[in-house]
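Okay, thanks everyone, let's get going.

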Amino acid sequence: MHRKISILLVLAVALMAAPLAALAQQTPVGTWTTIDDKTNQPKSVVEIYETQDGSLAGKVVQVLQSDKGPHPVCSNCEGDRKDKPIEGMVMLWDVARTGNEWKGGKILDPATGKVYSVKMSLADNGQKLEVRGFMGFSLLGKTQTWQRR
């Protein structure tokens, strides 16, 4: 009898944990592999995190592929980011949830040093993140698909 109760308790805990795991996948918070839209190869690892004000930000954890060597700097960036290492750099900021999307913030393209408006949405049960950088209207931009690590 005790064995049956133990099995039922284990099943109950497992069933309660499953929705929590699913909820964790319904946010961009986590670690992502960025995919180069020209070569379809992994380019970098980005960690997206929630800031104190509740918005999302993201920093480059690791550069996987670069034309500028293993530890590139942002030579095309302006201001405080000029000639700073890309690894560790905050390249996504002030992104807020609006329905099923996260938008309103900015994203930096370290290759060009340009800053774009950004819009993101989850796909494939939270395993992919569609990241669209644009200027002005979101129709005028490009989308990358990042993969959850």
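Just so we're clear, what you're looking at is a predicted model. So what's in the chain? We've got one helix and eight strands.

Now the surface. The chain has 149 residues, and 30% of them count as buried. The accessible surface comes to about 9500 Å², and carbon and sulfur atoms account for 57% of that.

How about contacts along the chain? If you take the contacts between residues at least 6 apart in sequence, 35% of them join residues at least 24 apart.

Okay, on to the cysteines. How many disulfides does the structure hold? One. Which residues does the disulfide join? That's Cys-74 and Cys-77, with an S to S distance of 1.7 Å. The link of Cys-74 and Cys-77 is right-handed, with 55° about the S-S bond.

And are those two cysteines buried or exposed? Cys-74 has a relative accessible area of 0%, so it's buried. Cys-77 comes in at 4% relative accessibility, and because the cut-off for buried is under 20%, Cys-77 counts as buried too.

So, to recap the cysteine part: the disulfide joins Cys-74 to Cys-77, with Cys-74 buried and Cys-77 buried as well. That's my bit, thanks.

How values were computed. Residues are numbered from 1 along each chain as its sequence is written. This is a predicted model: local features need pLDDT of at least 70, side-chain atom pairs count only at pLDDT 80 or more; totals for chains, interfaces and linings use all residues. Side-chain values use heavy atoms; hydrogens and water are left out. Helices (H or I, at least four residues) and strands (E, at least two) are DSSP runs, numbered from the N terminus. Buried means under 20% relative accessible area, exposed over 50%, partly exposed in between (1.4 Å probe, protein chains only). Contact means heavy atoms within 4.5 Å. Accessible areas come from the Shrake-Rupley method with a 1.4 Å probe; for residues, only the protein chains shown count as cover. A disulfide is a pair of cysteine sulfur atoms within 2.5 Å.
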